[in-house]
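Visitor: I would like to go through the labels attached to this structure and hear the grounds for each one.

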Amino acid sequence: MPRHVLTHSSNRIWNIISIGDHRCYDVRAAHLLGHSLVLGAAKRGILLPDIQAGWSFDILPTDSDVLAVYQLENVIYTGARNGSIHRFDRRLSSRQKGQELFRNRFTRDTRSITHISAINEAQMLVSTVKGDLELLDLRFARIAEPVMSFDGHVNSYTTNLGITTSPCSSYVFAAGQDQRIRAWSLLTGELISPPLRLQQSSNADCVSLFQHALEGPISAIQVTEGGGGGGASANGMTLWAASGKKVYRFWLGQRLDDAALKY
């Protein structure tokens with residue numbers, strides 16, 4: 001039985017939310033926005049409107065396993081194994097099916113959706129199991145053609161590769177099936193390829209981020225402001241990557257061509 005446990009550190013209050021196996025199983029994705037939690041499960045999404053208030057939940061029918069979910073205010077997006085992307089309005093009855101977006105662009109040849117996220121509330125970043133990495137316009141969701149395609153993303157079958165954008169929404173970072181991380185400009189769509197060079201640092205293990213293959217599949221990445229410490233690394237951005245049993249920290253510096261590996 002899927003179970004979500006929430007703890008409030010100051011008051012030591014625990015809430016346990018249980019959903020029957022016949023309603024929710026094989027959970028592949030989750031997105032928490034405030035107290036609202038959306039799960040990607042077999043054949044459906046699951047919305048828990050308030051994980052602190054009670055056990056109530058709504059079913060978001062998709063007719064295909066949900067591999068990616070995203071919340072944006074009152075709107076929920078799901079990306080499914082069959083390539084469909086649905087939009088649900090949480091203010092409407094959950095018994096109504098969601099609106100299918102982008103004219104079945106990815107369902108024609110079953111390109112499973114592995115990542116969805118909204119950028120500036122008007123655009124959606126989408127990746128598929130076949131290596132697509134595209135920016136689509138949410139204002140014209142009936143149009144199938146992308147606003148921008150990011151060439152060079154490497155994937156042919158993996159469903160859990162890390163993808164994220166910078167806090168300033170200027171860059172997208174994606175982990176490839178080849179265990180390398182790449183970055184593109186969200187303004188031009190161009191791949192960022194700094195030259196291979198060692199960085200000036202006391203850390204002997206520093207090498208260029210975009211030329212370095214990690215030891216295993218990169219299941220999650222995130223970019224934060226600052227470097228998590230004092231000195232020069234307090235400025236700029238830091239990329240965190242989870243690969244196998246290790247968490248890597250990349251200081252991106254003031255410019256992406258300053259990116260160095262530190263772990």
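Guide: This is a predicted model. A place to start is Arg111, which forms a salt bridge with Asp132, the closest N and O atoms being 3.1 Å apart.

Visitor: What makes the pair of Arg111 and Asp132 a salt bridge?

Guide: The cut-off is 4 Å between a side-chain nitrogen of Lys or Arg and a carboxyl oxygen of Asp or Glu. The N and O atoms of Arg111 and Asp132 are 3.1 Å apart, so the pair qualifies.

Visitor: Why is this pair said to tie parts together?

Guide: Arg111 lies in the loop between S10 and S11, and Asp132 in the loop between strand S12 (123-128) and S13, so the parts that the pair ties together are 21 residues apart in sequence.

Visitor: What are the grounds for a salt bridge between Glu145 and Arg105?

Guide: Their N to O distance is 3.9 Å, which is within 4 Å, so the pair counts. Glu145 lies in the loop between strand S13 (133-137) and strand S14 (148-149), and Arg105 in the loop between S10 and S11, so this pair ties together parts that are 40 residues apart in sequence. Arg105, Glu134 and Glu145 are linked in a network of salt bridges.

Visitor: How is Glu145 classed, buried or exposed?

Guide: Exposed requires over 50%. Glu145 has a relative accessible area of 55%, so it is exposed. Arg105, at 13%, is under 20% and therefore buried.

Visitor: What makes Ser112 a buried residue?

Guide: Its relative accessible area is 9%, under the 20% cut-off, so Ser112 is buried. Ser112 lies in the loop between S10 and strand S11 (113-119). Leaving aside neighbours within four places in sequence, its contacts include Leu67, Gly83 and Val129.

Visitor: What makes the approach of Ser112 to Arg81 a polar contact?

Guide: The side chain of Ser112 reaches the backbone oxygen of Arg81 at 2.5 Å. The limit is 3.5 Å, so the distance falls within it.

Visitor: How do you know that S8 and S9 pair?

Guide: Pairing needs at least two bridges. Five bridges join strand S8 (residues 75-80) to strand S9 (residues 85-89), so the two antiparallel strands pair. In S9, Phe88 is the bridge partner of Ile76.

Definitions and conventions: Residues numbered from 1 in each chain as written. Predicted model: local features only at pLDDT ≥ 70, side-chain atom pairs only at ≥ 80, totals over all residues. Heavy atoms only, no water. Helix = DSSP H or I, 4+ residues; strand = E, 2+ residues; numbered from the N terminus. Buried < 20%, exposed > 50% of the residue type's maximum accessible area, 1.4 Å probe, protein only. Polar contact = N/O pair within 3.5 Å; in protein donor to acceptor, adjacent residues only side chain to side chain. Contact = heavy atoms within 4.5 Å.
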